Amino acid sequence: MDNFHKKLSEVLQNENGCLCEEPMSRHTTFRVGGPAQYFITVTNPVELTGVLKLCNEYDVPITVLGNGSNVLVSDAGIRGAVLRLSGEFLKSEITEDVSGQTLLVTVGAGRMLSSFAMEVARLGYTGAEFAAGIPGTVGGAVMMNAGAYGGEIKDCIQNAEWVSFEGECRGFQREELQLSYRHSIFSEKQGMITKAGFCFPKGEKEEILSKIEQLNRMRREKQPLEYPSAGSTFKRPEGHFAGKLIQDCGLAGYSVGGAQVSEKHCGFIINREAATAQEVYRLIYEVSDRVEKEFGVRLEPEVRFLGKFTE
Ligand SMILES: Cc1cc2nc3c(=O)[nH]c(=O)nc-3n(C[C@H](O)[C@H](O)[C@H](O)COP(=O)(O)OP(=O)(O)OC[C@H]3O[C@@H](n4cnc5c(N)ncnc54)[C@H](O)[C@@H]3O)c2cc1C
């Protein structure tokens, strides 16, 4: 055990708080990715502050991970510390305003967005339906301004709390969050979202639940949920749909090793059969190049790359 690891076990109160050389394929929805040198789960603010302080002291680089549903981790893995939230960071505080017409929720950034959206729906409040089928955490969703079927985080978020890698805590109000298509102020910041506040108006519970049913059915019909992936691989280019451009290039089913352009939905690259991260990466760029050559539109990955890839 090195010194950093020893000190970590003093700071972390939870068992298995730090796993060494933990395969990231276990923690990403693509099911690929090499080991994280230190895979650290923090369960409360005291642990988080302690871990950040140690990382700074020992010059250990930090990577933040949510549910790993929008990342591609390289086969070489990630050097340094990969931080994930659990424990207190999964809790929510719910308040109904006196009129009973508005629900205010503060939710820990480690909580799964889908379970949060279902809780809001079951209480009879509307506005989180779009989020029920997105397999990320609240933190990852705020970071990415996740959205689907006409709704996005931007529509319901009120504020967010964030801690920089240097340990400085800061609150942001919604107008400061710079939310736009798959972008937030945090996209350019080195730190971790720890909680977020949301507001939802009263609705008709049965209608809300049946809308969620309907959206989830559409997902199952249109998306290759039976294979590991990171959802839509590319951002939507202005005036086009990535999936349609890829399909029109004749790339449905095109593969590099075990990575494949889904035949069901060309906007998804799937891990069809024991793909490596490098194969997924190569396929992403081959597809982008082909679409650019054919239609003059450059597809930009929505998926975030972690670790080192070979060009
Ligand atoms: C089958 C499938 C369907 C999907 N459908 C949709 C969809 O409809 N709409 C949509 O928008 N996305 C969709 N996605 C993509 C993905 O679920 C979202 O982008 C989600 O918001 C990512 O959250 P995460 O917790 O998994 O983040 P991760 O993938 O773990 O991380 C994504 C980025 O956010 C950062 N991050 C994560 N947590 C934090 C935090 N607490 N603080 C600071 N930074 C953080 C990471 O460092 C990384 O840069 C889909 C993915 C899959 C696999």
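Colleague: Start with helix H2. How many residues has H2, and how far does H2 reach?
Modeller: Helix H2 (residues 45–57) has 13 residues and reaches 18 Å from its first C-alpha to its last. That is close to the 18 Å expected at 1.5 Å a residue. The expected span is 1.5 Å times one less than the number of residues. Helices (H or I, at least four residues) and strands (E, at least two) are DSSP runs, numbered from the N terminus.

Colleague: Is this an experimental model or a predicted one?
Modeller: This is a predicted model: local features need pLDDT of at least 70, side-chain atom pairs count only at pLDDT 80 or more, and totals for chains, interfaces and linings use all residues. Residues are numbered from 1 along each chain as its sequence is written, and side-chain values use heavy atoms, with hydrogens and water left out.

Colleague: Which residues of H2 are buried?
Modeller: Glu 47, Leu 48, Gly 50, Val 51, Leu 52, Leu 54 and Cys 55. Buried means under 20% relative accessible area, exposed over 50%, partly exposed in between (1.4 Å probe, protein chains only).

Colleague: And what covers the buried residues of H2?
Modeller: The cover includes helix H1 (3–11), E2, strand E3 (62–64), strand E5 (78–85), strand E10 (157–164) and E12. Contact means heavy atoms within 4.5 Å.

Colleague: Now H5. What span should H5 have?
Modeller: H5 (residues 205–222) has 18 residues, so at 1.5 Å a residue it should span 26 Å. Its end C-alpha atoms are 26 Å apart, which agrees.

Colleague: Which residues are buried there in H5?
Modeller: Ile 208, Ile 212, Leu 215 and Arg 219 are buried in H5. Seen down the axis of H5, the buried residues fall within an arc of 65°, so they line one face of the helix. The arc is that of the directions from the helix axis to the C-beta atoms.

Colleague: What does that buried set of H5 pack against? And what is on the other side of H5?
Modeller: The buried residues of H5 pack against helix H3 (113–122) and strand E8 (147–148). On the other side of H5, Glu 206, Glu 207 and Glu 221 are exposed.

Colleague: Change of topic: the largest nonpolar core. Which residues touch the most other members?
Modeller: Ile 40, Phe 198 and Phe 200, out of 58 residues in that core. H3 gives the largest share of this core, 6 residues. A nonpolar core is a set of buried Ala, Val, Leu, Ile, Met, Phe, Trp, Tyr and Cys residues joined through side-chain atoms within 4.5 Å.

Colleague: Which domains does this core draw on?
Modeller: It draws at least three residues from each of domain 1 (3–88) and domain 2 (91–208). A second, separate core of 27 residues includes Ile 246, Val 280, Leu 283 and Val 287.

Colleague: What does Phe 200 touch?
Modeller: Setting aside residues up to four places away in sequence, its contacts include Gln 101, Leu 103, Phe 116, Tyr 125 and Cys 156.

Colleague: How is the protein divided into domains?
Modeller: Into domain 1 (3–88), domain 2 (91–208) and domain 3 (224–306). Those bounds come from an automatic or database domain assignment.

Colleague: How do domain 1 and domain 3 meet? What separates their centres?
Modeller: The centres, taken over C-alpha atoms, are separated by 29 Å. The contact takes 14 residues from domain 1 and 18 residues from domain 3. About 1300 Å² is buried between domain 1 and domain 3, and carbon and sulfur atoms give 62% of that. Buried area is the accessible area (1.4 Å probe) that two parts lose on being put together, summed over both.

Colleague: Which three residues of domain 1 supply more of that buried area than any other three?
Modeller: Phe 30, Asn 70 and Leu 72 supply 52% of the area that domain 1 buries against domain 3.

Colleague: Where does Met 24 lie? Buried or exposed?
Modeller: Met 24 lies in the loop between strand E1 (18–23) and strand E2 (35–42). Met 24 counts as buried, at 0% relative accessibility. Met 24 and Pro 35 are 11 residues apart in sequence and 5.4 Å apart in space, C-alpha to C-alpha.

Colleague: Last one, Ala 274. What is the phi of Ala 274?
Modeller: Ala 274 has a positive phi of about 45°, although it is not a glycine. Ala 274 sits in the loop between strand E16 (268–271) and helix H7 (277–295). At 71% relative accessibility, Ala 274 counts as exposed.
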